[in-house]
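Please work through each task before reading its solution.

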Amino acid sequence: YIHRKGQYQGSATLPPRMIFVEIERGAESGLWLLDRLQIDPETAAIPVVVLTRNTSCSWNDDSLARGARAYVVKPINKAEYMSKVAQLVAQWLSGSK
């Protein structure tokens, strides 16, 4: 979808304004995806929010070091979630990282 390939090829859809990535314990695919999003010029500027059940500070630090803008532990507290999304939207609208 992001790169308009496969069934999205030729689509006039806009790239996403925010990406949510779920990372679970032992699943490197979410961290791999963060790396890929950061090195791709088409996606590097899109804010990424990590969702996970893992409360480890090292996962939080690792996700943020790989370009995530926020890290939300599930089960998601609605107020915390909305606060983080509002912060990201404000940053995105102001043009800052």
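Contact means that heavy atoms lie within 4.5 Å. The model examined here is predicted.

**Exercise 1.** Determine the order and the pairing of the strands in the open sheet.

*Solution.* Step 1: the open sheet has three strands in the order 1-2-3, and their pairing is parallel. Step 2: the edges are strand 1 (19–22) and strand 3 (70–73), each of which pairs on one side only. Step 3: on average, neighbouring strands of this sheet are turned by 25° against each other, direction ignored. Step 4: strand 2 (residues 48–52) runs parallel to strand 3 and is joined to strand 3 by four bridges. In this region, L51 stands opposite V72 of strand 3.

**Exercise 2.** Identify the residues of the largest nonpolar core and the elements that supply them.

*Solution.* Step 1: the largest nonpolar core has 12 residues, including I19, V21, I23, L31, L34, V48, V50 and W59. Step 2: strand 1, helix 1 (28–39) and strand 2 each supply at least two residues of this core. Step 3: helix 1 gives the most, namely three residues. Step 4: leaving aside neighbours within four places in sequence, the contacts of I23 include L31, L34, V50 and W59. Step 5: another core, of six residues, lies apart from the largest one; among its members are M18, V49, L51 and V72.

How values were computed. Residues numbered from 1 in each chain as written. Predicted model: local features only at pLDDT ≥ 70, side-chain atom pairs only at ≥ 80, totals over all residues. Heavy atoms only, no water. Pairing = 2+ DSSP bridges. Axes fitted to C-alpha atoms, helices over the stretch in contact; angles between N-to-C directions. Core = buried A, V, L, I, M, F, W, Y, C linked by side-chain atoms within 4.5 Å. Buried < 20%, exposed > 50% of the residue type's maximum accessible area, 1.4 Å probe, protein only.
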